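Subject: A structure to look through

Dear colleague,

Here is the structure I promised to pass on to you. Please open it beside this message, and then read on for what was found in it.

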Amino acid sequence: MKNFRRAVRESLHHWPAIVLATLCSVLVAFLWSANIGALFPVIQLTLGSDSLQTSLARNVTVANAELVSLTDEVKNLEQSLAALEAAPDAEARSDIEKKLAATKQRLTRQQKSLAWDERMLGWANAYLPQDPFQTICWIMGVLIVSTLVKHLLMLANELLIGSVSTSIVRSLRLRIFEKSLQLDRPTYQAYGTSGLLATITYSAEALSIGLINFFGAAVREPLRIVACLIGASFVCWRLLLLSLILAPLLVVIVTFFNRRIRAIASMILGRNAGFHEVILEALSNIMTVQAYSMERQEGERFQTCTKDMRKVSMSMIFYTGLSKPFTELVGVGMIALTVCAGSYLIVNQQTHIFSIKISDQPMTVEKLFVFLDCSSVPAIHCASCQ
């Protein structure tokens with residue numbers, strides 16, 4: 001871990017490439033979220049027969065009517081409150097004040113919703129065709145182009161991070177090799193040829209993989225998850241909180257297995273050094289081994305070494321394989337909870353579950369589909385990254 005932190009600090013000398021790679025990751029996360037968001041009008045157009053412009057215009061009309069109704073309700077409540085100015089009934093005044101505050105909040109939300117629908121209607125009238133099928137084809141074309149751009153950005157991200165990591169590993173290998181040539185005999189014997197060889201080859205390669213994961217997937221994937229969660233929160237943030245009830249359990253499981261796998265990886269590194277030591281000592285002194293008839297003893301050493309490596313490798317396979325069903329089970333549980341809650345809101349045209357408010361308006365099928373696409377990404381990603 002100490003060498004890895006040192007490598008990370010050294011990577012800061014390559015900050016332009018890291019900044020560009022991070023920018024690519026941000027753009028990839030944005031395009032991922034935008035692609036999922038583009039499914040909403042497609043689903044809406046597929047389920048209905050109206051064009052997107054007609055649907056948005058209807059939403060604007062309904063929102064305007066609701067806005068007028070809420071405005072009148074606010075005025076009536078304000079008049080009722082004014083009529084109680086001289087009244088001693090504090091309880092009645094308190095009830096009206098609470099209703100007035102809640103209605104004003106609804107009015108504010110409705111004004112924002114109307115403004116958004118009007119902006120979307122103007123954008124649709126300016127850029128989208130009137131025919132629903134042509135609109136779907138246009139959106140699908142944009143999705144194809146954005147997917148191509150997304151993968152080009154991912155390729156650029158991987159090339160930039162790969163360039164940084166390979167440069168650092170090459171520099172590390174050069175320093176180790178040059179220092180090895182200058183070691184005195186006792187120090188060299190303490191490390192051994194096998195230890196130095198394992199450091200130059202296996203350890204450096206593992207460090208390269210670690211740097212690629214640290215600056216690549218460790219930055220790109222969390223950004224993608226955050227972008228999807230933000231998209232889901234725009235659809236229904238309360239339903240998102242409900243779907244994340246099992247998230248702490250998922251975090252505990254992932255953390256446990258990651259710690260076990262890292263510990264086993266360290267054991268594999270140590271066994272690998274011993275493996276190289278046995279091979280080099282036997283083969284570099286093959287004449288001595290044969291002269292003293294040590295073939296059987298060296299063979300037993302090699303068998304013991306490979307047996308230990310096999311045992312540790314099987315532990316790695318066991319924990320890696322065991323982590324997948326656990327994380328996938330919790331991930332599927334999160335998705336199932338979301339589907340059940342969303343389906344209840346749709347089927348019963350409700351905004352509350354067990355007297356807990358989930359949404360301001362009854363959930364629609366298209367909103368639930370888009371929400372599931374967004375909210376299922378973190379659970380599926382955690383299950384697949386093990």
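In helix α4 the buried residues are Leu52, Gln53, Ser55, Leu56, Val60, Ala63, Leu67, Leu70, Val74, Leu77 and Leu81. The model is a predicted one, so please read each value below as computed from that prediction. Helix α4 runs over residues 52-83, and its 32 residues reach 46 Å from the first C-alpha to the last, which is close to the 46 Å expected at 1.5 Å a residue.

Which residues of the largest nonpolar core touch the most other members? This core has 18 residues, and the ones that touch the most other members are Leu239, Ile358 and Met363. The elements that give two or more residues to this core are α7 (185-243), α10 (295-347) and α11 (365-384). There is also a second, separate core of 17 residues, and its members include Leu67, Leu70, Leu81 and Ile96; Leu67, Leu70 and Leu81 are also among the buried residues of α4. If you return to Ile358 and leave aside its neighbours within four places in sequence, you will find it in contact with Cys236, Arg238, Leu239, Leu345, Thr351, His352 and Ile353.

Turning to charged pairs, a search of the whole structure finds 4 salt bridges. In one of them the side chains of Glu78 and Lys104 meet, at 3.8 Å from N to O. Because Glu78 lies in helix α4 and Lys104 in helix α5 (residues 90-127), this pair ties together parts that are 26 residues apart in sequence. Glu78 counts as partly exposed, because its relative accessibility is 38%, and Lys104 is likewise partly exposed at 38%.

Arg296 forms one with Glu300, where the closest N and O atoms are 3.5 Å apart, and, being 4 residues apart in the helix, Arg296 and Glu300 are separated by about one helical turn. Arg296 counts as exposed at 65% relative accessibility, whereas Glu300, with a relative accessible area of 40%, is partly exposed. Glu298 forms the other with Arg301, with 3.2 Å between the closest N and O atoms, and these two residues are 3 apart in α10, again about one turn of the helix. Is Glu298 buried or exposed? Its relative accessibility is 16%, and because buried means under 20%, Glu298 counts as buried, while Arg301 is partly exposed at 33%.

Apart from its neighbours within four places in sequence, Trp138 is in contact with Trp123, Tyr127 and Leu128. Although Trp138 and Tyr127 are 11 residues apart along the chain, their C-alpha atoms are separated by 9.9 Å.

With best wishes

Terms used: Residues numbered from 1 in each chain as written. Predicted model: local features only at pLDDT ≥ 70, side-chain atom pairs only at ≥ 80, totals over all residues. Heavy atoms only, no water. Contact = heavy atoms within 4.5 Å. Expected span 1.5 Å × (residues − 1). Buried < 20%, exposed > 50% of the residue type's maximum accessible area, 1.4 Å probe, protein only. Core = buried A, V, L, I, M, F, W, Y, C linked by side-chain atoms within 4.5 Å.
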